[in-house]
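I opened this entry to look at helix packing.

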Amino acid sequence: MPEAVRVRRRSLARRAVGQGAPVWRMDGLLLAAVIALSVIGTLLVWSSTRTWVSNEPTGLVKKHVLNLCIGLALYSVMAVSDYRWLRRYAPFLYGVAILGLLLVITPMGSTINGHHSWIMLGGGFAVQPAELVKPALIVIMARFLVRSAEGKDRPRVVDLALCLAAAGVAAALVMLEPDLGTTMVLMVITGGVIVFAGVRKRWIVASVLLAAACGLAVWSLGLMKPYQVARFTALINPASDPRGVGYNSTQALVAIGSGELFGKGLFHGGQTTGRFVPEQHTDFIFTVAGEEFGFVGTVTVVALLGVVLLRGLRIARMCEDRFGALVAGGIVTWMAFQTLVNVGMTIGIMPITGVPLPFVSYGGTATFANMIAVGILQAIHVRERALSA
C-alpha cells in the first residue's frame, strides 16, 4: 500500500476517534438510555412475535435488529455531522416528506392493518412516509421561526402563519390515510415548536383555538372514521363494550395488571403468548413489558424514556444557536407526546390511536425517524461542547 494512502487513512481514523473527535463529545447518558430502550424493545418484540410469525422461534426479532442497525447507522451519520445544514436544506427535506405522503394516496400506497400509510419496497420491506414527516416538519418550522426572529425579540406573524400552513398540509395528508395518531403528534409538535420559539401568548392562545376549531369541525362534519370516533368514546367507559370498542383497553389493563411487581418472566406472559391484546409488538408493546417484567419493568422503561427527554431538554436549553434550540425542543415535544399517548392508552387514560412507543416498539420507518432525531440532538450537543471548549 502506498505511503500516502496509509497516511491518509491514519488521518481519517484520528479525526473519527482521536482526541477531540465528535464521538468523545457526545452525550453518553442519552446514548446509553437509547441503547437500553432498544435492547428492552428487542426482547419484548421477540417475546410478542415468536409464537405466530412463520412458526419461527425468533419471530420478527431478526428484522427488528436489522432495523435497529440501520437506525444506528443513520444516528451515527447525523451525530457527527454539522446539524446546521438542516436549515439550508429544510425546504427540500419537507418537500420530499410531503411527496411521500402524496405517493401514499396514489395507487403506489398500500394498506397494512387498516391504515393506507405505506409504500411497499419489495422483499418484505415498506416505508411509512408519515413517520419521516415528523423531523422534516420540525426542521422547516425552525427555519421559518429563526428567520423571522433574527434581529428581533419575537417571530413575525407571517412566518408563524407559514408554520401553521406547513403543519396543516402535512396533517391533512396524514389524515387522509387515515392516521389519527400521527395527525395528533404533528399538531402537538407544531404547538411545541411555536412555544419554544417564544411567540406572544395571544398568538399561542389563537393557535390553540384554531386547532380546537379544526378538531371540532372534523368531528362535526363526520370526517373521522366510525372506529376512530368509537375509540374516543370508549375512553370514557371501556367496560360498556368489553368485547367491542373497549376490548383493546380492557385486555391491555388485564395484561399489565397480571404482571404485578416483578412480572411473570420473559416468554411467560399468558396474555402475550395468547395474543389477547392486538398489535402487542407495536402499539401495545408496553403491555408486554407490564406482564412479563411487572411494575419494575414498566417503571424502568418510563424512567429511561424520561432520561431521553430530560437530556433533550438540557440540550435545547444549553444551545446558543436558536435554530438548534428550536429543533431540539421540537424533538423533545414529539418524543414526550408519543410516550404519553402510547403508555396512556395501555392504562386507559388516553384514546387508542396507534402511536408506537419510541425506541421500544417494532417498526422500520419509525425506528429510523427516532434514531435520526436522537442523532440530531447529539449533533447539537457536540457542536455546543466544541464551542465551549
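Predicted model: local features only at pLDDT ≥ 70, side-chain atom pairs only at ≥ 80, totals over all residues.

**Helix H3.** I looked up its extent first. H3 runs over residues 61-79, 19 residues in total. From first C-alpha to last it reaches 26 Å, close to the 27 Å expected at 1.5 Å a residue.

Next I asked which residues of H3 are buried. I found Val61, His64, Asn67, Leu68, Gly71, Tyr75, Met78 and Ala79. They cover an arc of only 110 degrees around the axis, so they sit on the same side of H3. I recalled the general rule: an α-helix has 3.6 residues a turn, so residues three or four places apart point the same way. On the other side of H3, I noted Lys62 and Val77 as exposed.

**H2 against H3.** I then turned to helix H2, residues 28-49. Its axis and that of H3 come within 9 Å and cross at roughly 160 degrees. That makes H2 roughly antiparallel to H3. I logged the crossing as right-handed. From H2, the contacts involve Leu31, Ser38, Gly41, Thr42, Val45, Trp46 and Thr49. They meet Val61, His64, Val65, Leu68 and Tyr75 in H3. Of these H3 residues, I had already listed Val61, His64, Leu68 and Tyr75 as buried.

**H6 against H7.** How are the axes of H6 and H7 angled? I got about 170 degrees, with the axes 8 Å apart. H6 covers residues 157-175 and H7 residues 180-196. The two are therefore roughly antiparallel to each other. Among the H6 residues in contact I noted Leu160, Leu164 and Val174. Their H7 counterparts include Leu186, Met187 and Ile194.

Technical notes. Residues numbered from 1 in each chain as written. Heavy atoms only, no water. Helix = DSSP H or I, 4+ residues; strand = E, 2+ residues; numbered from the N terminus. Expected span 1.5 Å × (residues − 1). Buried < 20%, exposed > 50% of the residue type's maximum accessible area, 1.4 Å probe, protein only. Arc of directions from axis to C-beta. Axes fitted to C-alpha atoms, helices over the stretch in contact; angles between N-to-C directions. Parallel < 35°, antiparallel > 145°, perpendicular 65-115°, else oblique. Left-handed = near helix turned anticlockwise from the far one by under 90°. Contact = heavy atoms within 4.5 Å.
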